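Dear colleague,

I am passing on the structure we spoke about, and you will find it just below. My notes on one part of it follow after that.

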Amino acid sequence: MSVVVDGLEGLRVPEELSARVPAEQRGPGRGRDDVRLLVSRGEAVSHHAFRELPALLRAGDVLVVNTSPTLAAAVDGRLGPEPGGEPVVVHFSTRGDDGRWAVELRSPEPSGSTRPRAGGPAGAVVRLPGGGRLALAGPLTPGSGRLWWARAYGDVPELLGRYGRPIRYGYTERDQPLSAYQTVFARPSPDGGGSAEMPSAGRPFTAGLVAELAARGVWIAPLSLHTGVASAEAHEPPYPERFEVPAATAALVNAARATGGRVIAVGTTVVRALESAAVAGPVGVGASARAGRGWTDLVVTPARGVRVVDGLLTGLHEPEASHLLMLEAVAGRAALRSAYAAAVRDHYLWHEFGDVHLLLPEEKGHRMRCGSNSG
């Protein structure tokens, strides 16, 4: 799937705009919420500190957040028979219903990051720390060699807990502890599952900021979507991921929609989960959220649109990233074009430790579905 957003084809993000360390490591006294917040309302753009977020929302709005914890999903291994073999880094991505794992094999770099390598070959065995083994079966998607299904011999959550580290890409300066990749919303999964990569839109939130949002009448609603390994180089569309939208969250979203509140997704993962569980209503009534769980292969595009999401808080994505199709579906092409030009011009920081972007509906008075809004 190619990403075509008019006005972004020639956009280039300078290398110096990559966030190389978390915000709290950029100077004394800094915290997670010391990032910048770019706000889009249609083509209008404004610049804020992330701590201003509560003042930008209204009583009755709902922030829907992803509670999936980040796994220490990168493990060193050796591909091939003993002794020796090719050194590889295994990125554990997604656990299938049959117990297999989708994995990506990458080549280690001296800096501690990794670079892409061809997947496979089928039947090869990767030797893991502690005597574990990983047998490669075949590509996750026919014709794509990046992610492969593999049978793990040994307990993978235990392996990751003992020998794993967070997935790291070359734009970061150094390894970080797993705690740097957990959001304030993360909750352990009973089965040890989680996300291969951090649901990063939630990273700047702190307990204090969540309390301020609650004091202003902004609701926080949880769901989970376990994210797999992103395509950092090829920008492939997302593949199936496991999600759960609780009944209480669906009810809160629908109550907000009925009373004029806005539903703001914290991250593209939340959009995917909510929209996967949305159901179209009778003509003239519109869609509603519903509880749901399982696997989603939904790809949100401008042609498909969004049904229950009004706004989105997200990081800044590479111009070729498939996520931009989702942003265009939420806010429109003109808004996206204006925001990304401003982000480059005003030196916003990209990637998981970078600045964030809030896409809100255009203010034409206060848009009402029915009833009144107290904010």
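Please keep in mind that this is a predicted model. I began with helix 7, in which Ala335, Leu336, Ala339, Tyr340, Ala342, Ala343 and Val344 are buried. The cover over these buried residues includes helix 6 (323-331) together with strand 1 (36-41), strand 2 (44-49), strand 17 (311-315) and strand 18 (356-360).

Just after helix 7 comes His347, whose phi is positive, at about 60°.

I then turned to strand 18, one of the elements that cover helix 7. Five of the five residues of strand 18 are buried, so this strand is largely enclosed by the rest of the structure. In a regular strand the side chains alternate between the two faces of the sheet. In strand 18 both faces are covered, with Val356, Leu358 and Leu360 buried on one side and His357 and Leu359 buried on the other.

As for its pairing, strand 18 runs parallel to strand 1, to which it is joined over five bridges, and within this pair Leu37 has Val356 as its bridge partner. Strand 17, by contrast, runs antiparallel to strand 18 and is joined to it by four bridges, with His357 as the bridge partner of Thr314.

With best regards

Conventions. Residues are numbered from 1 along each chain as its sequence is written. This is a predicted model: local features need pLDDT of at least 70, side-chain atom pairs count only at pLDDT 80 or more; totals for chains, interfaces and linings use all residues. Side-chain values use heavy atoms; hydrogens and water are left out. Buried means under 20% relative accessible area, exposed over 50%, partly exposed in between (1.4 Å probe, protein chains only). Helices (H or I, at least four residues) and strands (E, at least two) are DSSP runs, numbered from the N terminus. Contact means heavy atoms within 4.5 Å. Two strands pair if DSSP finds at least two bridges between them.
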